[in-house]
Structure formats: C-alpha cells, structure tokens
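Subject: Structure handover

Hello,

Here is the structure I promised to pass on. Please open it first, then read the notes below.

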Amino acid sequence: MEKLGLSNTNRLIKNYSGATGLKTGSTSLALYNLSASATRDGLSLIAVIMKAPSTKVRFSEAEKLLDYGFNNFSYQSFGKAGDLIQTTSIYKGIQATIPVVLESDAGILLAKGSEKNIEQTVTLDENISAPITSGQKVGEISFSLDGEVLTTVNLVSQISVGKINLTTMSTKIFSSWFNLLR
C-alpha cells in the first residue's frame, strides 16, 4: 500500500495548543491571510487575519488573538440537556411529582472571574396538572449576571404522568390499604 503525504501551510496546526485548523491564503493584492481556529476547555475560538505583510506576521497575530480570547474568556456550562433541576408536585396525576430537567444544554461565554457572580432563577408554571407528557414545558430557568439575564432555558418534565381517574384512584386506595394490613 502506497503512503500518501499531506502538507498543511497552517503552521498553527503543529505549534499551537488546541489548534483545529482553518485556512491560509495569499495573493499579491490581499497579501497574507489566515482564518485560524482552536478549542480549549470547551471554548472554541476563531481568529481572522487579513492583509498581513508576511506569513510570520499572520501566524503571530493569530496566536495573539487566540491567546487573548483564551486568557480572558471561558465557556461557562450551566448544565446539559436532561440534567435534573428539581422535583415538583403536580395535581390530578397518578403520581404526585415529576422530575424537572433542562430541555437543552445551557451555557454562555463569560469574562473570566465573572462566573462566580452568576445567579439562577427557576420559574415553574403554577398549578401543573396531569396529564403531563415527557418533554412538556413546565417552566424556565434563567441565568443572570448583575441583574442582566444572560440566557434562559426551558424546563421540561422528564416523564409522562397520566391523569388520575376513578379506576386509578380505586387501585391506589386499595393498594395503600393492603400495604397497611401487611
């Protein structure tokens, strides 16, 4: 089997921690250009350099931009889709409570150091009644910094719960009565 070699003109791929790629280019009019991407600790950044006078300058300027981003900002994850936020009571259900989870991933880009000042506010719908379907929105969670809402994510029921009726109520009563007799 013949070996195939690939070359890459983006020297950041080999020399910059977390580099993920992108594109180099040059023309006599546009000079030396670079779109460089890198990922560290869940934070992905892109630096774009245009009309640099040399290849050396385009790479050093891209490194400076990426370093600035990684040194001054971080991705703050508040939770993943499906993470349990709390359990809440429901009315008229064959179960008394439902687990409330994040509908989607929650996170945001923040200046480093500000993550300790994040406040979260959970707002659930009033009088949540059965029937409830899995994935049904039952509230929201907001994340704020200094009183300004950064992001809001829907809260949903993790499970489906049927509405209680005469049959399920009778079964529940008989079941608890027999459990008392044991």
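Let us start with Thr 27. Thr 27 is partly exposed, at a relative accessible area of 48%. That value is not over 50%, so Thr 27 does not count as exposed. Bear in mind that the model is predicted.

Where does Thr 27 sit? Its place is in strand S1, which covers residues 19-27. The side chain of Thr 27 has a polar atom 2.8 Å from the backbone nitrogen of Ala 30. Now look further along the chain. Ser 77 is 50 residues from Thr 27 in sequence, and their C-alpha atoms are 41 Å apart.

Strand S1 also holds Leu 22. Leu 22 is not a glycine, yet its phi is positive, at about 110°. Is Leu 22 buried or exposed? Leu 22 is exposed, because its relative accessible area of 51% is over the 50% cut-off.

Another positive phi belongs to Lys 92, at about 60°. Lys 92 is not a glycine either. Find Lys 92 in the loop that runs between strand S5 (84-89) and strand S6 (97-102). Its relative accessibility is 55%, so Lys 92 counts as exposed.

One peptide bond deserves a look too. Ala 130 and Pro 131 are joined by a cis peptide bond, with omega at about 5°. Pro 131 lies in the loop between strand S8 (118-124) and strand S9 (137-145).

Over to you.

Best wishes

Notes
Residues numbered from 1 in each chain as written. Predicted model: local features only at pLDDT ≥ 70, side-chain atom pairs only at ≥ 80, totals over all residues. Heavy atoms only, no water. Helix = DSSP H or I, 4+ residues; strand = E, 2+ residues; numbered from the N terminus. Buried < 20%, exposed > 50% of the residue type's maximum accessible area, 1.4 Å probe, protein only. Polar contact = N/O pair within 3.5 Å; in protein donor to acceptor, adjacent residues only side chain to side chain.
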